[in-house]
Amino acid sequence: MSVTAPTTRNLITDYQDVIASAVRRCGAVPGDAAGTPRFAPGFDLPELTPAVRDFYAAATVRWAPLGEYGGHRLHLLDLTGNPGTRTTKTFASLVIVARAVEHIRRTGARLRIVTPTSANKGVALRDAVARAYAAGLVTPEQLAIVVLAPRATRHKFRHDALAADPVARRLNPLLRYTGDDPEGVKALGRAFVDAYAARLHDEHGVTLWYTLDLKNYLVADAARAAFEADVAPTGGAPARWHAHAVSSAFGLLGYNLGRDVLEAAGRADPGDRPGFLLVQHLGTPDMVLSLRHGSFARDNVPTWTRDESLDAWTQDKDPRFPAVTADPAEVLDPTFYTHRPVTSPAMNALIDRHGGDGIVVSRRECVERYPAARGRLADAGLVLPAEPGRLREWSIVMALTGVCNAVDRGLVPAGHDIVVHGTGSYADDFTVADADAEVSTVADVAAAVVGRR
């Protein structure tokens, strides 16, 4: 795999043509969106003025070598360049907010984005809204966001520019869901929009946009494939796998949409599409279970044996699950919280067609490999804290651990290069944001939102 300069690009400004083609290819249309009845945000983006380029400036992506492991060359697709998020959610969030800006300019609407999130989507959308304010594209009265997140991810939300400004904070509430099931934020967010969208529009002139639709994220992630084609195109030997820590695998599905676009345009060879390694944790191994067994049933999780000498649980029956863990039901990172993802059939079909596998990792395995992973990433220009306990986002460490385990266990074909999607990594170097309200019901959300309109 040869790499040509430059190895850093802006994923939005440099690949707007691919994003536009992805919109058309995935059937995204400017029709009704979830939210206010008859709301149609469209997929048009603002003209690339200096202010808009400044808004997009955080959308950097980088390609770097990660050395070799077990006869495989490793490469990093670093999607964590935005200091306000340190995750791949930057790209889709900037595109969503840019679409909102264009809709406001075209219609004069007052728009409020509503997003349930485990954490990173909400952090990135808040960052994108703040960037739109700073660039002078919209005001808080024109565009704001309501974020609904579970209490388990409180430590992932940073005190940001929206929280620091009294006007912006009033209009952009961060709501903490107190229910027991973190996924309950999705149902609660949708129920609030269904119950209150028409009323807020008719009585207060506020349009709500519930942004959880998969296509809102696929179109931005399609640009990953175009960047790869520019700096390290596939073709010939060695073959390639892409490894990704996943909850629903939106990123890999978006990458594959980008490959569809490139192949249709003759910019990539359909015979050279990479295989895919899904990396998950024990809290939600659903995509790996679906891939390997055709079912989300937990009956297919291996049986664990308690080893008192290790103060841990062990198993050696299934190489796709951890050999050792402190807890067979541990939640390594609450960001990965989706059970029974609707995206599994599509991802299974891609792996069946192009090759790949899935693997589940434990915190203990990640910690054991942490010094080596930290060294590799430092050589590639990405710095992790010396102490793994300081991490608040484990995506990249999970992905690297999964890659090394898969290689050691013979799951990766000999000689394949492996591209690690660096989708998130941040530590405890920021002040945690206080929630503006705690909520558990639609009435709670309404009380927190309607008064802040």
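Predicted model: local features only at pLDDT ≥ 70, side-chain atom pairs only at ≥ 80, totals over all residues.
Good morning. A residue is called buried when its relative accessible area is under 20%, exposed when that area is over 50%, and partly exposed in between, using a 1.4 Å probe and protein chains only. Helices (H or I, at least four residues) and strands (E, at least two) are DSSP runs, numbered from the N terminus. With those terms in place, consider helix α9, residues 223-231: 7 of its 9 residues are buried, so the helix is largely enclosed by the rest of the structure. The buried residues of α9 are A223, R224, A225, A226, F227, E228 and V231.

Residues are numbered from 1 along each chain as its sequence is written, and side-chain values use heavy atoms, with hydrogens and water left out.

Let me turn to the sheets. Two strands are taken to pair if DSSP finds at least two bridges between them. P65 stands opposite H75 in β3.

Another open sheet has 5 strands, ordered β7-β4-β5-β6-β15, with parallel pairing. Its edge strands are β7 and β15 (437-439), each of which pairs on one side only. Strand β5 (residues 143-150) pairs with strand β6 (residues 174-177) in the parallel sense over 4 bridges, and the bridge partner of V147 in β6 is L174. Helix α3 (residues 89-107) lies across β4 (110-116), β5 and β7, running at about 160 degrees to β4.

Next, the aromatic side chains. Rings of Phe, Tyr and Trp (its six-membered ring) pair if their centres lie within 6.5 Å; planes under 30 degrees apart count as stacked, over 60 as edge-to-face and the rest as tilted. How many aromatic pairs does the structure hold? There are 7 aromatic pairs. One of them is the edge-to-face pair of F39 and W209, at 5.7 Å centre to centre with 65 degrees between the planes. F39 lies in the loop between α1 (16-25) and α2 (50-56), and W209 in strand β7 (residues 206-210), so the pair ties together parts that are 170 residues apart in sequence. Both F39 and W209 are buried. Y217 and F250 form a tilted pair, 6.2 Å centre to centre and with 40 degrees between the planes. Y217 belongs to helix α8 (residues 215-221) and F250 to helix α10 (residues 250-264), so this pair links parts 33 residues apart in sequence. Y217 counts as buried at 1% relative accessibility, and F250 at 16%.

Charges also sit over rings, a term used if NZ of Lys or CZ of Arg is within 6 Å of the ring centre and within 35 degrees of the ring normal. R99 lies over the face of F43, 3.7 Å from the ring centre. R158 lies over the face of F430, 4.3 Å from the ring centre.

Two single residues deserve mention. T423 lies in the loop between β14 (417-422) and β15, and at 6% relative accessibility T423 counts as buried. Leaving aside residues up to four places away in sequence, the residues that T423 touches include R224, H244 and S395. L162 is in helix α5 (residues 161-164) and is buried, with a relative accessible area of 1%.

Finally, the axes of helix α13 (residues 363-379) and helix α14 (residues 395-408) come within 9 Å and cross at roughly 105 degrees. Among the residues that meet there are Y370 in α13 and M398 in α14. Thank you.

Methods
Contact = heavy atoms within 4.5 Å. Axes fitted to C-alpha atoms, helices over the stretch in contact; angles between N-to-C directions.
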